[in-house]
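Reader: I'm new to this one and would like to know what the labels rest on. Could you take me through them?

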Amino acid sequence: MIKATVYVTIKQSVLDPQGVAVQGALHSMGFGEVDSVRIGKYMELNLDTTDRESAEKRVIEMCEKLLANTVIEDYRYELEG
Amino acid sequence: MKFAVLVFPGSNCDIDCYKAVEDTVGEPVDYVWHTATDLSPYDCILVPGGFSYGDYLRCGAISRFAPVMKEVAKAAAEGKYILGICNGFQILTEAGLLPGALRRNLSMKFRCHDTVLKVVNSETPFTKDYAAGEEIVIPIAHGEGNYYCDNETLARLQANNQIVFTYKDNPNGSVTDIAGICNEQGNVLGMMPHPERAVDALLGTDDGKRMFTSILNAWRDRHGAASVR
């Protein structure tokens, strides 16, 4: 079993309204040092394989096809096991 | 002329679309389930608003892989008319049939009210019964209607006259006030506002009516039949 952790975030060049709203809330609570907030998605995928190399290829394919919309989002992933 | 209204799990404007076709042009119209694998009998495909697949992951991301979407791509390539409204617009961008993406509204609010649209391009099969530059009132109801595309894509949209509608008062933060765009060929249109909810003065506005008469007239022009008003 390989565990893939996928993180999807709005691209730096694209405004993230959720992040801006949370930053505003943090500022109003007194956490003025928060320069910016980006909010993203965290996904855990358990893959029924032990072949790390092919698992990585498949995860990239999953990200490109479905998990991230590469027009507005970036993704990164980690593999364990 | 035959219309199809696609139905995904979570579509909630499918009945409105169906009724709008019945009430405005009175042409045959069918509901078509998302598992369908043949759209060949239809001349116009309406991709309705709603929350397909619960909008999980991203709006339209999962519907884009429904079996019927392969047929939608095929119909688009054949030059058939495809109109995506609200969630339908999100699905068409996710499917790559239209460029760009829809982001969360800048205000973070779900906006549900009438908007004033400017008809920028009245040459499409969907807008030929409007005048260029005309202002019309069509309601919106969305949380993620903030249209985004990069500068290169925007320049292309502008150069090819693909921006079909813009908002007078931008309600969601869309790039250059974009409310609706079409593909390069002009036979696929996506828009966040709901023309199907604006087909009777009882609803507050009937400015959406002419979208449906436009489609029928465009189709009749192409097929050498008489136009309707």
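This is a predicted model: local features need pLDDT of at least 70, side-chain atom pairs count only at pLDDT 80 or more; totals for chains, interfaces and linings use all residues.

Reader: What makes B:R58 and B:E94 a salt bridge?

Author: Their closest N and O atoms are 2.8 Å apart, and the rule asks for within 4 Å, so the pair counts. B:R58 sits in the loop between β3 (44-47) and α2 (67-77) of chain B, while B:E94 is in helix α3 (residues 87-94), 36 residues apart. (Helices, H or I with at least four residues, and strands, E with at least two, are DSSP runs numbered from the N terminus.)

Reader: Which other residues join B:R58 and B:E94 in one network?

Author: Salt bridges that share partners link A:K41 and A:E73 with B:R58 and B:E94.

Reader: Why is B:E71 called buried?

Author: Buried means under 20% relative accessible area, exposed over 50%, and partly exposed in between (1.4 Å probe, protein chains only). B:E71 has 13%, so the label is buried. B:K74, at 47%, is therefore partly exposed. These two also form a salt bridge, with the closest N and O atoms 3.5 Å apart, and in helix α2 of chain B they are separated by about one helical turn because they are 3 residues apart.

Reader: How many salt bridges are there over all chains?

Author: The count comes to 15.

Reader: What makes a space a pocket?

Author: On a 1 Å grid over the protein atoms alone, a pocket is an open set of points where a 1.4 Å probe fits, with protein on both sides within 12 Å along at least five of seven lines; lining residues have an atom within 4 Å of a point. The largest pocket has a volume of about 420 Å³ (the space filled by probe spheres set on the points, which are joined across faces, edges and corners). Of its 25 lining residues, those closest to the centre include A:K41, A:E73 and B:R58.

Note on methods. Residues are numbered from 1 along each chain as its sequence is written. Chains are lettered from A and ligands numbered from 1 in the order in which they are written. Side-chain values use heavy atoms; hydrogens and water are left out. A salt bridge is a side-chain nitrogen of Lys or Arg within 4 Å of a carboxyl oxygen of Asp or Glu.
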